[in-house]
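The sequence and structure are shown below.

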Amino acid sequence: QVKLVESGGGLVQAGDSLRLSCAVTGRTFSSTSLAWFRQAPGKEREFVAAISWSGGTTYYADSVKGRFTISRDNAKNTVYLQMNSLKPDDTAIYYCAGTSASCRYIDCRRSELHDYWGQGTQVTVST
């Protein structure tokens with residue numbers, strides 16, 4: 001059974017940083033494409049960032065480009081989302097997602113193409 005567990009969310013002020021972690025168990029981590037999505041109250045879930053199997057290719061939503069960095073540690077079966085210069089608009093529940101497909105062949109920005117999901121972690125950014 002594949003399990004994704006996020007951690008690292010919290011309440012911060014605008015301009016602060018947070019690092020989210022997502023630990024993956026139950027499948028070969030190195031052959032899992034991983035992504036972060038988020039959902040704010042009253043809004044649809046949206047893509048934040050994705051990373052390829054090897055970590056060599058990353059993808060970002062325009063709204064977070066230059067502020068957020070996705071990375072993975074295949075030795076620790078963990079994917080990270082470093083979030084800097086946080087804004088109140090970044091307030092949302094952040095979800096880790098995974099798929100066995102390669103981002104070379106599918107659009108990893110599409111949530112429906114991910115098979116595995118974590119339970120989410122709340123990030124709240126105050127003014």
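Which residues does Ser21 touch, not counting residues up to four places away in sequence? Ser21 touches Val5, Glu6, Ser7, Trp36, Thr78, Val79 and Tyr80, where contact means heavy atoms within 4.5 Å. The model is predicted: local features need pLDDT of at least 70, side-chain atom pairs count only at pLDDT 80 or more, and totals for chains, interfaces and linings use all residues. Residues are numbered from 1 along each chain as its sequence is written, and side-chain values use heavy atoms, with hydrogens and water left out.

Ser21 lies in strand β3; strands are DSSP runs (E, at least two residues) numbered from the N terminus. Ser21 is buried, with a relative accessible area of 17%, because buried means under 20% relative accessible area (1.4 Å probe, protein chains only).

An open sheet is formed by 4 strands in the order β1-β3-β8-β7, with antiparallel pairing; two strands pair if DSSP finds at least two bridges between them. β1 (3-7) and β7 each have a single partner strand, so one side of each lacks a neighbour in the sheet. Between β7 and β8 there are 6 bridges, and the bridge partner of Arg72 in β8 is Val79.

The largest nonpolar core holds 35 residues; such a core is a set of buried Ala, Val, Leu, Ile, Met, Phe, Trp, Tyr and Cys residues joined through side-chain atoms within 4.5 Å.

The largest share, 5 residues, comes from β5.

Technical notes:
Buried means under 20% relative accessible area, exposed over 50%, partly exposed in between (1.4 Å probe, protein chains only).
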